[in-house]
Structures are given as structure tokens and as C-alpha cells.
Amino acid sequence: AAAGLKKVPAQGTTILLPLTEEFRGEAKRAELADKIGEIDPLLLLFLNRVRRIDVVERSGDDEDAATTRSMRRKDVASGTASVVTLTDAVGGGETTTTWLVVKREVETVSWARRGDAAKTVLAAAFDAGAARRADDEPLPVFAFLPIAPANLAFVLHADWILASSRETVREDSAWNQWLRSEAASLYVDALRAVQAGAGQAL
């Protein structure tokens with residue numbers, strides 16, 4: 001089995017990232033554990049082909065393996081939208097957040113092109129749960145992966161053109177300015193989705 005595992009899930013794709021010798025010491029392992037603890041389960045929100053991330057620690061062989069963190073995503077189609085549940089299990093506890101996700105495919109315009117793309121997809125995720133995020137922290141803008149916090153009440157995803165650092169959206173891009181103008185329609189789409197019955201799945 002891959003990387004010495006005795007049992008690999010029969011379905012889907014399993015990616016194994018074994019540690020190098022650099023992380024064998026306790027200090028380095030603790031540093032890595034802290035970094036892993038900073039990962040937000042929102043990471044899974046727009047990665048459509050990724051459903052689960054497990055962090056497993058083992059020493060020697062699989063008999064000593066222990067899952068220290070498990071982030072999971074479950075989608076339920078609901079009318080013109082989908083309801084996405086993100087679960088984060090760590091340290092014996094478990095937290096769950098629920099998101100109403102709406103998507104819109106739009107045709108590109110002549111004055112704001114990105115390569116030869118004729119269409120692109122925008123998406124917005126609205127927090128549908130009662131629990132609030134820690135310290136009311138701002139929600140990030142996404143380009144499949146989170147980029148940076150934004151002053152928005154929802155998570156906005158689009159195929160933005162990013163700065164070279166991948167930490168910000170380029171403000172001088174006509175493509176990005178056009179995407180931003182199109183994003184307002186997602187509010188209307190979310191309202192229509194709820195009226196069409198999406199709320200019954202929450």
C-alpha cells in the first residue's frame with residue numbers, strides 16, 4: 001500500500017503527505033501541529049472534488065496511527081442552490097457550520113477578457129447556521145482557495161486575477177472590476193433559492 005499504509009479507501013483519491021526527517025523532533029512537530037490548527041474548514045467550500053481532509057499521526061506502523069483532526073464536507077442540492085455542511089473534528093470535539101451556496105455562470109464581456117474564456121462562474125456562500133465565527137472575524141474572498149479577508153457578510157468566490165503574492169485581488173484589473181459588478185446578482189439568486197425551497201434543507 002502507498003507509503004506503508006495497510007488500508008487505503010477503495011473509493012475516491014487518497015493523497016498521502018509523509019513528513020520528512022526535518023519534522024521528526026518534538027519542537028518541529030509541535031510547530032507543524034500549530035500550523036495545521038490554523039487551517040480553516042472553509043478551505044473545503046469551493047474545492048468541489050475534495051470532500052475530506054484527515055490529519056493522522058503515526059509512529060512506526062499503522063497500529064499506532066491516530067487521527068488528530070478531520071475536516072469534512074457534505075453537499076445537499078436544494079433547488080437552484082446547494083446546502084454545504086462543514087464539520088471540523090479535533091481533540092474530541094466537533095463543530096459544524098452550514099452554508100447556502102449559490103452559483104451563477106455568466107458570459108464574459110469584450111472589454112474585460114481573460115484569455116479566450118467565453119464564460120466564468122461566480123459563487124457566494126451565506127452562513128446559514130446560528131453559530132457566529134470567532135470574534136466576528138471577516139469572511140475571506142476566494143479564488144478556489146481563500147485569498148484575504150473582505151468586508152463582506154458572505155463568502156465570495158470567482159476566478160480573480162491575483163497579485164503575484166496570491167494574497168490580494170488586483171484592483172487595476174478590468175476583469176476583476178467586471179466580476180465585482182456581476183457579484184451583486186448573487187444576492188438576488190440566494191433570495192430566489194430560499195423562496196424556491198432551499199431553506200427546507202437547512
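A: Two residues are in contact when they have heavy atoms within 4.5 Å of each other. The model is predicted.

Ser 70 sits in strand S2, which covers residues 66-78. Leaving aside residues up to four places away in sequence, Ser 70 touches Arg 52, Ile 53, Asp 54, Thr 87, Asp 88 and Ala 89. Strand S1 spans 52-57, and strand S3 spans 81-90. Ser 70 counts as buried because its relative accessibility is 5%, against a cut-off of under 20%. Two polar contacts involve its side chain: one of 3.5 Å with the side chain of Arg 52, and one of 3.4 Å with that of Arg 72.

The sheet that holds S2 is open and has eight strands, in the order S1-S2-S3-S4-S5-S8-S6-S7, with mixed pairing. S1 and S7 are the edge strands; each has a single partner, so one side of each has no neighbour in the sheet. From one strand to the next the twist averages 20°. Strands of a sheet pair through backbone hydrogen bonds, and the pairing can be parallel or antiparallel. S4 (residues 93-107) and S5 are antiparallel and are joined by nine bridges. Within that pairing, Lys 103 has Ala 123 in S5 as its bridge partner.

A pair of aromatic rings is described by the distance of the centres and the angle of the planes. The whole structure contains five aromatic pairs. In one of them, Phe 126 and Tyr 187, the ring centres are 5.6 Å apart and the planes are at 50°, so the pair is tilted. This pair links distant parts of the chain, since Phe 126 is in S5 (residues 119-127) and Tyr 187 is in H3 (residues 185-195), 61 residues apart. Phe 126 is buried, with a relative accessible area of 15%, while Tyr 187 is partly exposed at 44%. A tilted pair is also formed by Trp 175 and Trp 178, whose ring centres are 5.4 Å apart and whose planes are at 50°. These two residues are three apart in helix H2, so about one helical turn separates them. Both Trp 175 and Trp 178 are buried. As for Phe 126 and Tyr 187, they form one aromatic cluster together with Phe 154.

The loops between the later elements also deserve a look. Glu 137 is in the loop between S5 and S6 and is partly exposed, with a relative accessible area of 35%. Its C-alpha atom is 9.8 Å from that of Asn 151, a residue 14 places away along the chain. Phe 144 occupies the loop between S6 (140-143) and S7 (145-149). Its phi is near 75°, a positive value in a residue other than glycine. With 42% relative accessibility, Phe 144 is partly exposed. Arg 166 is another non-glycine residue with positive phi, near 60°. Arg 166 belongs to the loop between S8 (155-157) and H2 (174-183), and counts as partly exposed at 34% relative accessibility.

These pieces can now be put back into the whole chain. The protein chain has three helices and eight strands, which follow the pattern α-β-β-β-β-β-β-β-β-α-α along the sequence. Of its 202 residues, 31% count as buried. Among contacts between residues at least 6 apart in sequence, 44% join residues at least 24 apart. The accessible surface comes to about 12,700 Å², and carbon and sulfur atoms account for 52% of that area.

Key. Residues numbered from 1 in each chain as written. Predicted model: local features only at pLDDT ≥ 70, side-chain atom pairs only at ≥ 80, totals over all residues. Heavy atoms only, no water. Helix = DSSP H or I, 4+ residues; strand = E, 2+ residues; numbered from the N terminus. Buried < 20%, exposed > 50% of the residue type's maximum accessible area, 1.4 Å probe, protein only. Areas by Shrake-Rupley, 256 points an atom, 1.4 Å probe, with all protein chains shown as cover. Phe/Tyr/Trp six-rings, centres within 6.5 Å; stacked < 30°, edge-to-face > 60°. Polar contact = N/O pair within 3.5 Å; in protein donor to acceptor, adjacent residues only side chain to side chain. Pairing = 2+ DSSP bridges. Axes fitted to C-alpha atoms, helices over the stretch in contact; angles between N-to-C directions.
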